[in-house]
Amino acid sequence: MAEKQEQPTSGEKVPEVEESEEAKEPPPVDVVDLCHETFQKTAEYLRGELEGTIEDYKLLEKMNKITICKYSEMKHIGLSIGSALQELNEKYKSLQPYLDQIDAIEESVASLEQAAYSLDHYSKRLEAKFKTLERR
């Protein structure tokens, strides 16, 4: 009828458990059907969730590939801009002596212009003095 089982584990005493043999009746048919339906719907739900997640990952993968292409294009553009900038700097360095000459010429023209204005002012004063002397 009832059996006593003892299973000692690591020096501890395990309480005695009695097992009884009961008559088990099969569950009602409607409960079995409901269980099957529940498992099927749960499986469908999980499948749908997994498919949604898979689609999200596919979209992320596609976006990553597009981003990689865009960054690759930007890298090439950056490299071409860098090389063009280097060429411009080299041209500027080669033109620097001429630019220095232009600056020097501009300074001398400015001083020459100032001298011309001074000379003009002096000549006008001299002319005015001459006219006043001529009238006397």
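# Exposed means over 50% relative accessible area, buried under 20%, and partly exposed in between (1.4 Å probe, protein chains only). This is a predicted model, in which local features need pLDDT of at least 70 and side-chain atom pairs count only at pLDDT 80 or more, while totals for chains, interfaces and linings use all residues. Residues are numbered from 1 along each chain as its sequence is written, and side-chain values use heavy atoms, with hydrogens and water left out.

Biologist: What share of the chain's residues count as buried?

Modeller: Of the 136 residues, 0% count as buried. The chain exposes about 13600 Å², and carbon and sulfur atoms supply 59% of that area. Areas come from the Shrake-Rupley method with a 1.4 Å probe; for residues, only the protein chains shown count as cover.

Biologist: How many helices and strands does the chain have?

Modeller: Helices (H or I, at least four residues) and strands (E, at least two) are DSSP runs, numbered from the N terminus. Here there are one helix and two strands. Along the sequence they follow the pattern β-β-α. The helix is α1, which covers residues 29-135.

Biologist: How many salt bridges does the structure hold?

Modeller: A salt bridge is a side-chain nitrogen of Lys or Arg within 4 Å of a carboxyl oxygen of Asp or Glu. The structure holds four. One of them joins Lys65 to Glu61, at 3.8 Å from N to O. Both residues lie in helix α1, four residues apart, about one turn of the helix.

Biologist: Which residue does Lys41 meet in a salt bridge?

Modeller: Lys41 meets Glu37, and the N to O distance is 3.1 Å. This pair too sits in helix α1, four residues apart, or about one turn. Lys41 counts as exposed because its relative accessibility is 51%. Glu37 has a relative accessible area of 37%, so Glu37 is partly exposed.

Biologist: Why are Lys124 and Asp120 separated by about one helical turn?

Modeller: Because they are four residues apart in helix α1. Lys124 forms a salt bridge with Asp120, and their closest N and O atoms are 3.5 Å apart. Lys124 is exposed, with 52% relative accessibility, whereas Asp120 is partly exposed at 35%.

Biologist: Which residues gather in a patch of negative charge on the surface?

Modeller: Patches are made of residues with over 30% relative accessible area and no salt bridge, where like charges are joined within 9 Å and nonpolar side chains (Val, Leu, Ile, Met, Phe, Trp, Tyr) within 5 Å. Lys and Arg count as positive, Asp and Glu as negative; His and the chain ends are not counted. A charge is placed at NZ of Lys, CZ of Arg, CG of Asp or CD of Glu. In this structure the negative patch gathers Asp100, Asp103, Glu106 and Glu107. Asp103 lies in helix α1, and its relative accessible area of 41% makes Asp103 partly exposed.

Biologist: Which residues make the nonpolar surface patch?

Modeller: Tyr92, Leu95, Tyr98, Leu99 and Ile102 make a nonpolar patch of about 510 Å². Leu95 is placed in helix α1. Leu95 is partly exposed because its relative accessible area is 45%.

Biologist: How many disulfides does a search of the whole structure find?

Modeller: A disulfide is a covalent bond between the sulfur atoms of two cysteines. The cut-off used is a pair of cysteine sulfur atoms within 2.5 Å. The search of the whole structure finds zero. Cys35 is partly exposed at 37% relative accessibility, and Cys69 is partly exposed at 46%.
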